[in-house]
Amino acid sequence: MINDKLTGLVLDEPLLWEKGSRGRIGISIPEAEVEKAKPDKDLVWEGPDFPELSEVDVVRHFTRLSTWNFGVDTGMYPLGSCTMKYNPKLNEKTASMEGFISSHPLLPDNLCQGTLKLMYELQELLCEITGLDAFTLQPAAGAQGELCGMLVFNAFHKKNGKRRKKIIIPDTAHGTNPASCALCGFEPVGLNSGADGILHPDAVREIMDEDTAGIMITNPNTLGLFEENIKEIAEIVHEKGGLVYCDGANMNAIMGAVSMREIGVDVIHLNLHKTFSTPHGGGGPGAGPVGVIKELEEFLPVPRVEKNGDKFILNSDFPLSIGKLHAFHGNYGVLIKAYTYILSMGKDLFDVSTKAVLNANYIKENLKDVFHLPYDRPCMHECVFTDENFEEYKVSTLDIAKRLLDFGFHPPTIYFPLVVHGAIMIEPTESESKEEIDRFIEVMKQIAREAKENPDILHNAPANAKVKRLDETLAARKPKLKG
Ligand SMILES: *Cc1c(COP(=O)(O)O)cnc(C)c1O
């Protein structure tokens, strides 16, 4: 029977088990020139009932499935706190160069000078970008970078003769911060931000003591605001012998504009899979390099890449190191992509942040008359709205997010940060064009009109997607795998 739902895009793809037919095969090999051996009954294995398919069956199946996916190559993906920027294809090209993909991580130093050189130079570039003194490339993600930082905090206090128990975590920190500090055995101590959405030195002064190992500040914070008082806060923490950790996952807002050293940061992690354009989402590999000031370098994970004359070597001789955090040298492929991005951008890298901030402020200014803006002040790389204006129509943030799918946009981050009720957190990044951002703004305005005039459209959204509204709690446990 002819499927009258076919629109060109095939949205009803059966399982591989439901396709194909007995005896169909995806390879052709020549007839054997020798006589067929008689099968030994004991060696014949029936095996599971695998589907039998031709090559074209398989290729079409997976290609169709891939068109149901959404990614930065499909459309705008304004997921706040995630920096879903475009991933230049040049990065993929360099990461698949023969010399890199063929080099085994156990090669002796003298046979992999190029791969070591790339690591060394990437560390140097990250030092230049942040203003800190030394970097490790081992951590596989932002959260593992945080764990690395907390282990460094602990090693520092241990060396100074007194372990400390607590870490101050602001309510505008990323959720991984308290988790990383607890994982390392520290006790997270909450700190409230002010009515203006940023931290105030007096609040820190009140709780900072000599049993507190330091503070973890997300800067820009999860409201997309710059922590203007960070320098004074760092002085208060340092005075009591503590250290300052900056969660730098949002560095896309401040590259080249802020020297971490000057604002009193001792340890920072960066997310190469956000700021430095390597792919992420879908659980792919990331990289969360950690930078420190000179005084903390001896605690970084080993082995460390060093330059000795014109040779690059791996050195594990750091007795106070926190040890190894990742097999071999981290997610090396990701490092190549970030290195390529930095070199291909050159000095333009510092324009990235200006444009990312401009784009977010443009969206904020254009939507603030329609959507409730809890903190009306210049934002950094992202802006946070709420669903407050639509409460009387029983339209929630979730409805708005689902409706965006109908227009081909990935929804922004929702219900985060937790300090804002019904938050909608939009991060356009620098890589969207003005036309695309204008289209997003128009669609958001239309959704706001629909919320008032015909809220049912929103309650039933998405209407144009393959899978309609799911019970989110149930879907997390029992994913709906068939459309
Ligand atoms: C994304 C993010 C993290 C966590 O990074 P992962 O690589 O997902 O572990 C931490 N902090 C902030 C501010 C982030 O945006």
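This report describes a predicted model of one protein chain, from overall figures down to single residues.

## Basis of the values

Local features need pLDDT of at least 70 and side-chain atom pairs count only at pLDDT 80 or more, while totals for chains, interfaces and linings use all residues. Residues are numbered from 1 along each chain as its sequence is written, and side-chain values use heavy atoms, with hydrogens and water left out.

## Overall figures

The protein chain contains 14 helices and 12 strands. These elements are DSSP runs numbered from the N terminus: helices are H or I with at least four residues, strands E with at least two. Along the principal axes, the C-alpha atoms fill a box of roughly 80 × 70 × 45 Å.

Of the 483 residues, 48% are buried; buried means under 20% relative accessible area, exposed over 50%, and partly exposed in between (1.4 Å probe, protein chains only). The chain exposes about 24,400 Å², of which carbon and sulfur atoms supply 55%. Accessible areas come from the Shrake-Rupley method with a 1.4 Å probe, and for residues only the protein chains shown count as cover. Among contacts (heavy atoms within 4.5 Å) with a separation of 6 or more, 70% involve residues 24 or more positions apart.

The mean positions of the 51 positive and 69 negative charges are 3 Å apart. Lys and Arg count as positive and Asp and Glu as negative, without His and the chain ends; each charge is placed at NZ of Lys, CZ of Arg, CG of Asp or CD of Glu.

## Aromatic rings

Rings of Phe, Tyr and Trp (its six-membered ring) pair if their centres lie within 6.5 Å; planes under 30 degrees apart count as stacked, over 60 as edge-to-face and the rest as tilted. By this rule there are seven aromatic pairs. Phe153 and Tyr245 form an edge-to-face pair, because their ring centres are 6.4 Å apart and their planes stand at 70 degrees. Phe153 lies in helix α5 (residues 142–159) and Tyr245 in strand β5 (residues 243–248), so the pair ties together parts that are 92 residues apart in sequence. Phe153 is buried at 0% relative accessibility, and Tyr245 is buried at 0%.

Phe371 and Phe385 make a tilted pair, with ring centres 6.0 Å apart and planes at 55 degrees. Phe371 is in the loop between α10 (349–367) and β10 (383–385), and Phe385 is in strand β10. Both Phe371 and Phe385 are buried. Ring pairs link Phe371, Phe385 and Phe390 into a cluster.

## Backbone geometry

Most residues other than glycine have a negative phi, and most peptide bonds are trans. The bond joining Phe416 and Pro417 is cis, with omega about 5 degrees. Pro417 lies in the loop between β11 (413–414) and β12 (424–426). Tyr415 is found in the loop between β11 and β12, has a positive phi near 55 degrees and is partly exposed, at 36% relative accessible area.

A cis peptide bond also runs from Ala461 to Pro462, with omega near 0 degrees; Pro462 lies in the loop between α13 (455–459) and α14 (472–477). Ser277 has a positive phi of about 65 degrees. Ser277 is in the loop between β6 (267–270) and β7 (290–292) and is buried, with a relative accessible area of 0%.

Leu398 is in helix α11 (residues 397–406). Leaving aside neighbours within four places in sequence, Leu398 is in contact with Ile414, Tyr415, Arg469 and Glu472.

Thr212 is in strand β4 (residues 212–218) and is buried, with a relative accessible area of 2%.
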